[in-house]
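Here are my notes on the model, as numbered points.

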Amino acid sequence: MAEQLKGQRTDSEKNGVWIAHRADPYVYRHTDGTYYFTATVPAYDCIILRKAGSLEDLSGAEETVIWEKHGTGPMGAHVWAPELHYLQGKWYLYFAAGDAEDKWRIRPYVLECQGQDPVRDGWTEKGMLQCAEEDEFSFRSFSLDVTIFEHRGQYYCVWAEKIGVGKMISNLYIARMESPVKLATVQVLLTTPDYDWERRGFWVNEGPAVLKHNGKVYLTYSASDTGANYCMGMLTLNGKGDPLDPRSWEKNPVPVLKTDEKKGIYGPGHNSFSVDDEGNAVVIFHARTEKEIVGDPLDDPNRHAMYRKVLWKKNGEPSFRV
């Protein structure tokens, strides 16, 4: 399929924009040092990949459309937040999508690459991510933002799912994985919007991402509505803790990244983690460069990918200052 789109730089770079008009940015550095970038595109109609030899070079790399939405039925609308993972010797892409006839029926789906070059080789649809046989809850309602991480030889899946009636609440759930396309355990509630800064506009915990450092696992997530209120929270797992035991996670009572009007960065969130060319941890996130949004935020394309080096506090915790 492979439509080629040239990556462009814009005047908004002065606000720290790295890749313009790309929301929910995800960067994966493979074992050979190659960097891959994917993100939500403003039309919500396809999945793109960029490939480069360095993190910075991703900004000018060509984009290849590796998959397009369906004309009818599932995977036919609102293609959001793709993530590229290399599991058990194969490439997998996890993303959320609605139905063409019901765009808000958002569920998580999986693609499997048929070769070792995710940009050039074909992809096969594996359908919706499967829950465990005894799980009567997962993916029954609005579900999105799947991420995968490894801990002590086991793979875990974390995702956002809405519950309730009326103005529903978006929580984060976790389960151990049986395979790249199926969960092995029943969902466990990891975090729900407890604080005021997680409840602005909407009650939201979404967009999980995992960073490991000195035996600890840090799980960041995004909270509140997607305008200037959007911000990042964080959970911390001690290396000896069980990821499936909510008591093993400690939740930060304040956001770890939020709007900075002096720097012209509004609503930073939906991040991922990678390393730069020197091996330093970096946080990749999207943000807006204007405070006010005209109309529906979903129709506004001005969420831009940015990245910063992760700083480390004396107590060993990460800092994500913009």
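**Notes on the predicted model**

1. In this predicted model, Glu63 and Arg50 form a salt bridge whose closest N and O atoms are 2.9 Å apart. The pair links distant parts of the chain, with Glu63 in strand S5 (residues 63-68) and Arg50 in strand S4 (residues 46-52), 13 residues apart. Glu63 has a relative accessible area of 2%, so it counts as buried. Arg50 is buried too, at 3%. Both residues belong to a network of salt bridges that also includes Arg22. A search of the whole structure finds eleven salt bridges.

2. An open sheet of four strands runs in the order S6-S7-S8-S9, with antiparallel pairing. Strand S6 (77-87) and strand S9 (123-128) stand at the edges; each has a single partner strand, so one side of each has no neighbour in the sheet. Neighbouring strands here are turned by 25° against each other on average, direction ignored. Strand S8 (residues 107-113) pairs with S9 in the antiparallel sense over five bridges, and Val110 stands opposite Gly127 in S9.

3. A salt bridge joins the side chains of Lys90 and Glu112, at 3.6 Å from N to O. Lys90 lies in strand S7 (residues 90-98) and Glu112 in strand S8, so the pair ties together parts that are 22 residues apart in sequence. Lys90 is partly exposed, with 37% relative accessibility, whereas Glu112 is buried at 9%.

4. The open sheet of three strands has the order S19-S20-S21, again with antiparallel pairing. Its edge strands are S19 (266-275) and S21 (304-309), each of which pairs on one side only. The twist from one strand to the next averages 30°. Strand S20 (residues 281-288) and S21 pair over six bridges in the antiparallel sense; Phe285 stands opposite Met306 in S21.

5. Arg288 and Asp300 form a salt bridge, with the closest N and O atoms 3.3 Å apart. Arg288 is in strand S20 and Asp300 in the loop between S20 and S21, twelve residues apart. Arg288 is buried at 2% relative accessibility. Asp300, at 13%, also counts as buried, because the cut-off for that class is under 20%.

6. Thr192 sits in the loop between strand S14 (188-191) and strand S15 (205-213). Its relative accessible area is 25%, so it is partly exposed. Apart from neighbours within four places in sequence, Thr192 is in contact with Ile169, Asn171, Glu198, Asn205 and Lys251. The C-alpha atoms of Thr192 and Arg247 are 14 Å apart in space, and the two residues are 55 apart in sequence.

Technical notes
Residues numbered from 1 in each chain as written. Predicted model: local features only at pLDDT ≥ 70, side-chain atom pairs only at ≥ 80, totals over all residues. Heavy atoms only, no water. Helix = DSSP H or I, 4+ residues; strand = E, 2+ residues; numbered from the N terminus. Buried < 20%, exposed > 50% of the residue type's maximum accessible area, 1.4 Å probe, protein only. Contact = heavy atoms within 4.5 Å. Pairing = 2+ DSSP bridges. Axes fitted to C-alpha atoms, helices over the stretch in contact; angles between N-to-C directions. Salt bridge = Lys/Arg side-chain N within 4 Å of Asp/Glu carboxyl O.
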